[in-house]
Amino acid sequence: MKKVERINLIMRYINNRASFTISEIMREFGISRSTAIRDIREIEAMGMPLVAEVGRDGGYFVMSNSVLPPVRFTDTEIKALFIAFMATRNQQLPYLKSRQSLAEKLLGLISQSHQDDLILLNRILLFEGTNPNNTDLLELSDLPHPILEKLIQILLLDSYLWITIREGEVIKSYPIYLMHLYREKSVWLIEGFDLREEKRRLFSVDYLTDVEPYSVNKRLSRKKIQEKLRKEEEAFNIVLELGSKAIEQFKKYHPLQVSISYIDPFQSRAIVKTHVNGDHAEDLSEMLNWLLFLGEDIKFRTLPEGLADSLHVRLTHWSN
């Protein structure tokens, strides 16, 4: 481990503890006593307010109400941040009205030679959503739904919401308890519990026209909501056993609500349980396409009759 990386790790270790000793630093980072003392002195010279405690059980503690030195990133960490930043372009993420300022600040943290490395990586590495005809990171902007940031700001304070949605030509409002806000197939979705109909529902943020905190007097308790959701989960009508090839396909893509449970220590076999609404043709079609995507390395333990018939018809058609 390089010295700069080690010192950064020791600084984080110290920040997370009320006190520490030289022996603890030696044991934690596998270094000699002299190296530990030198590192501590260098950290003190950087401005970290350490106070030494004299005595047999003495050590160090961070002086309270003091300003700690800024966190220093290594060149490798900057590259990791920059590549992660590149991978999210054109994803309509909140708080990213313009990437130029953030990208320039990241580039400004490293030397010219490492900046050249990142510019080269930016031309070579293509991620989902990248326009290969315009890979210039500084020219791209995210344009999320204008209400997305308002939704997140309210969520930071409260999960009980009164949302207004445009459904065709009709405007409807729903009282919900928001469980997850996620992005799937380039669309931001709200997974919430409808407090009026007492069931799980999905809403597209694209059709959201307004969001406000929901009245405190009309709320269902979180405990009651969890009880209702557990009853819904008992109604799983799809149970699959996946082999290793199907597990690899599952990792490439799966609906967010679908989880996997491994049934062997090598994670080569797994069980997947989920539910599909048999009366909703679009849901059935999406589930059918996903099952076909998983491939042949699956066993069907439980499958709704309508979905089983559609799967049989599709496979028969392909075989002919």
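With which side chain does the side chain of Asp264 make a polar contact at 2.4 Å? Keep that in mind while we walk through this predicted model, starting with a sheet.

Look for an open sheet of five strands, arranged in the order S7-S6-S5-S4-S8 with antiparallel pairing. Strand S7 (199-204) and strand S8 (208-213) stand at the edges, and each has a single partner strand, so one side of each is left without a neighbour in the sheet. As you move from one strand to the next, the twist averages 45 degrees.

Now zoom in on one pair inside this sheet. Strand S4 (residues 160-167) and strand S5 (residues 170-184) are joined in the antiparallel sense over eight bridges.

Let us return to Asp264, which you will find in the loop between strand S10 (259-262) and strand S11 (270-274). Asp264 is buried, yet this residue has no salt bridge. Its nearest side chain of opposite charge is Arg269, 5.3 Å away, while a salt bridge calls for the charged atoms to be within 4 Å. What does the side chain of Asp264 contact instead? Here is the reply to our opening question: the side chain of Asp264 makes a polar contact with the side chain of Ser268, at 2.4 Å.

Key: Residues are numbered from 1 along each chain as its sequence is written. This is a predicted model: local features need pLDDT of at least 70, side-chain atom pairs count only at pLDDT 80 or more; totals for chains, interfaces and linings use all residues. Side-chain values use heavy atoms; hydrogens and water are left out. Two strands pair if DSSP finds at least two bridges between them. Helices (H or I, at least four residues) and strands (E, at least two) are DSSP runs, numbered from the N terminus. Axes are lines fitted to C-alpha atoms, for helices over the stretch in contact, and angles run from 0 to 180 degrees between N-to-C directions. Buried means under 20% relative accessible area, exposed over 50%, partly exposed in between (1.4 Å probe, protein chains only). Lys and Arg count as positive and Asp and Glu as negative; His and the chain ends are not counted. A polar contact is a pair of N or O atoms within 3.5 Å; within protein, one must be able to donate a hydrogen and the other to accept it, and residues adjacent in sequence count only if both atoms are side-chain atoms.
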